[in-house]
Amino acid sequence: LEILCILTLYPAGMSLDTLHQALCGNESTHPSTIKTILTQLRHLLGGNIASHPYRLLPVVWADFIELSTLLRQHRTADALKLYHGAFLPMSTAPALEVWRHHLEADMENLLYHCTEAQLLIDNADHLLRTPMIRERLIELLV
């Protein structure tokens, strides 16, 4: 899943070394292990992973890419419909950790500047865990 997410984030593709860094960072996993997994994934996906550079061949829609787009467009209500919590919270892949951090920061920023208290209230179940959002809702309600 992590490899597929990374390839989705980089539709132009990446070299094996770059993919290895994005997935493993400084871990001791050998690049040939990643290459073996890519071969297995290619078989499972009917050949839809190209190599040199490694990339997904079909156009892929992913909710995390869409969420990022909505956040950049300041479309709060639409972003909240798509947001269900942190992106792959258990992943330690460096590229995915960075992506998760940026999504969370962009989401918090968007919500902090939200002027619609009801929108925050309607999504309170997964938003109010963040102190900044609780403070923003209090500001809007006072």
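Helix H4 supplies the largest share of the lining of the largest pocket, 3 residues. The model is predicted, so local features need pLDDT of at least 70 and side-chain atom pairs count only at pLDDT 80 or more, while totals for chains, interfaces and linings use all residues. Residues are numbered from 1 along each chain as its sequence is written, and side-chain values use heavy atoms, with hydrogens and water left out.

A pocket here is an open set of points on a 1 Å grid over the protein atoms alone, where a 1.4 Å probe fits and protein lies on both sides within 12 Å along at least five of seven lines; lining residues have an atom within 4 Å of a point. The volume of the largest pocket is about 190 Å³, taken as the space filled by probe spheres set on the points, which are joined across faces, edges and corners. Its lining numbers 13 residues, and Asp63, Phe64, Gly85, Ala86 and Phe87 lie nearest the centre. Helices H4 (63-72) and H6 (94-112) each give at least two residues to this lining; helices are DSSP runs (H or I, at least four residues), numbered from the N terminus. By type, the lining holds 9 nonpolar, 2 polar and 2 charged residues. In this scheme Ala, Val, Leu, Ile, Met, Phe, Trp, Tyr, Cys and Pro are nonpolar, Asp, Glu, Lys and Arg are charged, and the others, Gly among them, are polar.

Attention now turns to charged pairs. Side chains of opposite charge can pair when their charged atoms come close. With a salt bridge defined as a side-chain nitrogen of Lys or Arg within 4 Å of a carboxyl oxygen of Asp or Glu, the count comes to 4.

Arg100 is buried at 13% relative accessible area, whereas Glu97 is partly exposed at 34% (buried means under 20%, exposed over 50%, partly exposed in between, with a 1.4 Å probe and protein chains only).

Within helix H5 (residues 76-82), Lys81 and Asp78 are also 3 residues apart, and their salt bridge has its closest N and O atoms 4.0 Å from each other. Lys81 is exposed at 62%, and Asp78 is partly exposed at 27%.

Helix H9 (residues 131-141) holds Arg136 and Glu139, separated by about one helical turn, whose side chains meet at 3.0 Å, N to O. Arg136 is buried at 14% relative accessibility, while Glu139 is partly exposed at 42%. Elsewhere, salt bridges that share partners join Arg75, Asp78 and Lys81 into one network.
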